[in-house]
Amino acid sequence: MGKISKIKVAEGIFFVSVPDADVYILCGCPADSVKHLMKRGLIQNVEVDGVSFETGPNAILLSDELIQHGRFANLSEFPILQMFYRQGMIIPGHPNNTGVKPALIGLRKQVEAQMEYIYRGNYGLISEEEMLEAGASKSDAKAWMRLKLKFAFGKIRRMDEYVDLVVVENEPQEIRNKVFVKRLKVNQFEISYGKESVRVDLNTTEHSLCKPSYVLGFHHIKRDYFAVLHSGEGDGWDPNRPAMASIIIFQGNVYLLDAGPNIMHSLNALGISVNEISGIFHTHAHDDHFCGLPALMRSDHRIPYYATKLVRASVMKKLAALAMTSEEEFDHYFEFHDLELGKWNDIDTLEVKPVFSPHPVETTVMLFRTLDRNGYRTYAHFADIASLGLLRKMITSDPDAPGLSQELYDEVYANYQEPVDLKKLDIGGGMIHGDAEDFAHDKSGKILLAHTALPLTYRQKEIGSGAPFGMVDVLIPAHQDYVRSYAYHYLNAYFPTVSSSKLRVLLNCPVVKFNPETLILKAGRKADCVHLILTGQVEVIRTKSGVYSTLTTGGLLGEYTALTNKGSLETYRAANFVQALRIPLDLYAMFVKNNGLYEEMVRLQDIRSFLYTSRLFGDGLTCTRQNDIAVTIGSHMETSGEALKPCTQPTLCLVKSGKVALYVGQRLIESLGPGEFFNESTVLFDTPCLFKANAAKGTVIYTIPGHVISDIPIVRWKLLETYEKRLGKTVSHDSGGDYFQWHDEYAVNVKVIDQQHMEIYESAKVLYSALFDGDSTGNAEELFPKLIAHTNRHFSTENKLMQDTGYPGFAQHQRKHEQIQQALQEFASYYASKRMTPKKEVGIFLKDWVMTHILTEDRRLGTYLNRQGVS
């Protein structure tokens with residue numbers, strides 16, 4: 001057996017072991033990667049000197065790509081926590097605390113983003129000032145910060161105190177003990193030890209993504225008046241069950257309570273599509289309640305987000321760090337509604353009361369109630385909570401010491417004991433979770449125990465019930481058919497000009513149910529009716545053209561046959577339990593014709609058929625959204641075969657037929673065919689396209705106004721993924737000093753800024769050559785101060801322009817300037833003192849800063865300044 005081994009754990013996850021060097025690398029860390037390691041037996045319980053702890057990885061190799069197929073590729077919080085606490089690597093006196101730190105390996109920007117994301121996941125808001133800014137009173141901010149410091153053992157610490165950073169570019173980089181990693185291509189790596197090596201490919205395809213470590217089956221859920229659907233009773237370490245979560249069904253509407261890992265898998269098992277979700281109530285920012293949020297950003301509408309101001313602030317800071325973007329970006333994905341702490345908030349007659357919960361990050365437990373014949377019926381969701389025994393040990397009379405006051409403890413105790421009809425509890429125990437014994441005498445109608453990976457003890461079984469996945473507690477039953485009311489809602493949205501009385505012609509049709517995996521309609525066959533999807537989702541398959549997408553609620557299946565009398569272009573298959581309104585073909589066709597819609601519907605159907613073949617628009621959009629887009633599409637045939645003129649307004653360009661090539665200068669970045677798009681930066685950030693687009697003669701291009709799609713979450717998320725990949729291709733070009741070649745496409749169209757950028761490019765180019773190419777004409781000791789001087793002058797210019805014009809992103813942009821200045825100064829000081837410098841670090845920094853900052857943040861600033869009359 002060799003000295004280095006590789007095991008494929010799941011799609012996009014590998015485990016590389018080098019026992020002789022004591023290096024064990026988790027390669028790839030999408031959601032629940034630790035659970036997959038547990039399931040495969042790669043994490044084991046051992047005992048040393050009477051102390052029991054887990055084995056596992058001590059290093060993580062990150063994906064080069066922030067997002068893969070719409071999902072975050074790097075979620076290292078729980079793998080790092082497993083190393084810290086379950087392996088004992090940072091616990092004082094622990095036999096596995098040998099002084100070796102966990103290692104994060106990857107591109108600088110990915111490593112730094114993960115460090116900030118873990119930091120926010122550990123601590124949330126990190127000061128009284130941040131709490132005050134989020135709306136806390138001075139007294140509350142002080143009390144909550146004291147408690148936070150107690151959980152943090154007295155001090156908020158940056159993650160680099162606990163984690164080693166290994167930045168990898170294209171040259172071999174030592175991890176530790178002579179184990180090296182080298183990037184071969186994007187997301188392809190070689191890990192070597194001595195003469196042996198293994199290769200790891202972290203690229204995944206859209207339809208081979210990592211699945212959960214557990215199987216859930218399928219459940220058919222009735223839409224009741226007020227019910228609690230249990231969608232998780234495990235914790236972040238349970239390899240056999242989803243983490244603790246619930247779904248509130250109220251008046252037939254679906255509300256999520258937290259969004260943990262693999263939430264789409266859970267929703268699919270329950271027959272719920274993301275477009276059915278009426279809102280999410282959020283308790284806190286730990287990954288087992290948080291990292292499903294990006295899945296909700298794959299909806300075709302902004303999902304309402306309900307939380308207290310402090311929880312929202314904590315969550316958005318963590319999400320912004322993970323996504324490497326501004327907090328304001330998420331206004332495009334969620335509709336934010338702040339809840340008042342400790343008071344009943346009315347959400348369309350569903351009342352919710354968030355209550356403070358002692359936890360390392362900002363956390364509230366949630367109580368829900370609504371009126372019934374005999375008064376209020378109430379559900380309490382207690383996640384996450386700390387045990388009373390732990391909190392008693394934290395009580396202190398010193399108002400300035402870490403801990404909590406007797407008064408705050410008494411308040412928490414009273415909140416815990418409040419009787420309700422149904423109460424679901426975190427009983428995870430340990431340093432930050434609850435204890436079932438605290439509720440042994442609770443007078444609530446029913447107690448449910450959750451948030452544990454362990455089987456319930458006999459004593460716990462005496463205290464409360466379990467809450468298996470798919471179980472429903474009905475608090476108020478429904479005496480009306482909510483599913484049929486969905487049909488009116490979807491038809492009214494799809495036919496907005498048709499009166500309610502005429503819509504009832506279609507509504508007077510039966511609702512049918514399809515079992516999971518039912519083949520509903522085969523490609524090439526004519527449909528025998530039109531199905532309006534009311535619940536669940538349907539797979540859309542067109543193998544010949546590689547189209548695999550999803551038809552969600554509000555989608556119409558069989559409409560193509562009704563309008564054209566032709567066979568279906570795709571195969572349709574139930575992904576879960578599906579309910580649909582079954583409309584006869586002739587009735588649907590007559591309805592469309594009688595309301596004067598036939599010609600326009602046929603025209604839109606042709607455009608929509610093409611949109612379905614594109615990765616951008618073929619998945620997750622209702623037919624109403626598809627129509628909204630199709631109505632606005634313009635078409636243009638390129639006759640010259642030359643460079644396309646830049647768009648003057650935010651516009652997405654979609655290749656209908658032919659080919660388009662994207663260039664920076666003379667360098668080809670990407671070639672596009674039918675269904676692919678460009679000009680996404682104009683839609684995302686209202687900045688000019690970075691690339692010069694050359695279209696082949698006869699190419700047909702669809703144009704879509706930016707305002708039509710900029711706030712469709714699933715579309716925007718895919719645009720952002722593509723933008724990041726293309727920017728990465730531009731930035732990753734490496735040909736020595738030529739790397740810093742200025743191109744006209746980089747201009748921000750503000751003369752003074754562009755001139756200074758060109759000076760910085762030239763200074764960076766000369767310094768890079770002196771450090772890496774052995775250029776004897778440049779002295780690095782003299783070149784560092786020159787680059788710093790150019791940089792400081794440039795930042796002063798930009799800061800003044802931002803202040804003078806009231807630039808909305810000034811604070812964030814200025815912080816980035818400060819970080820760059822600090823890093824440059826540190827490199828220069830290191831070189832001056834030691835006559836050497838960590839070349840790789842400097843080279844990576846120069847590339848990342850000079851290219852990425854100028855090509856993103858500065859171009860956004862340039863667009864703003866141009867509109868303020870600055871040129």
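Are phenylalanine 78 and tryptophan 237 buried or exposed? Both phenylalanine 78 and tryptophan 237 are buried (under 20% relative accessible area, with exposed over 50% and partly exposed in between; 1.4 Å probe, protein chains only). This is a predicted model, in which local features need pLDDT of at least 70 and side-chain atom pairs count only at pLDDT 80 or more, while totals for chains, interfaces and linings use all residues. Residues are numbered from 1 along each chain as its sequence is written, and side-chain values use heavy atoms, with hydrogens and water left out.

**Aromatic pairs**

- The whole structure contains 31 aromatic pairs (rings of Phe, Tyr and Trp, the last by its six-membered ring, with centres within 6.5 Å; planes under 30 degrees apart are stacked, over 60 edge-to-face and the rest tilted).
- Phenylalanine 78 and tryptophan 237 form a tilted pair, at 4.6 Å centre to centre and 40° between the planes.
- Because phenylalanine 78 belongs to helix α2 (residues 77–86) and tryptophan 237 to the loop between β15 (226–232) and β16 (245–250), this pair ties together parts 159 residues apart in sequence (helices, H or I of at least four residues, and strands, E of at least two, are DSSP runs numbered from the N terminus).
- Tryptophan 144 and phenylalanine 356 are stacked, with 5.3 Å between centres and 10° between planes.
- Tryptophan 144 lies in helix α5 (residues 138–151) and phenylalanine 356 in strand β22 (residues 350–356), so the pair ties together parts 212 residues apart in sequence.
- Tryptophan 144 and phenylalanine 356 are both buried.

**Aromatic cluster**

- One aromatic cluster is formed by Tyr255, Phe281, Tyr306, Phe368 and Tyr379.

**Charges over rings**

- Arginine 726 lies over the face of phenylalanine 677, 5.6 Å from the ring centre (NZ of Lys or CZ of Arg within 6 Å of the ring centre and within 35 degrees of the ring normal).
- Arginine 860 lies over the face of phenylalanine 685, at 3.7 Å from the ring centre.
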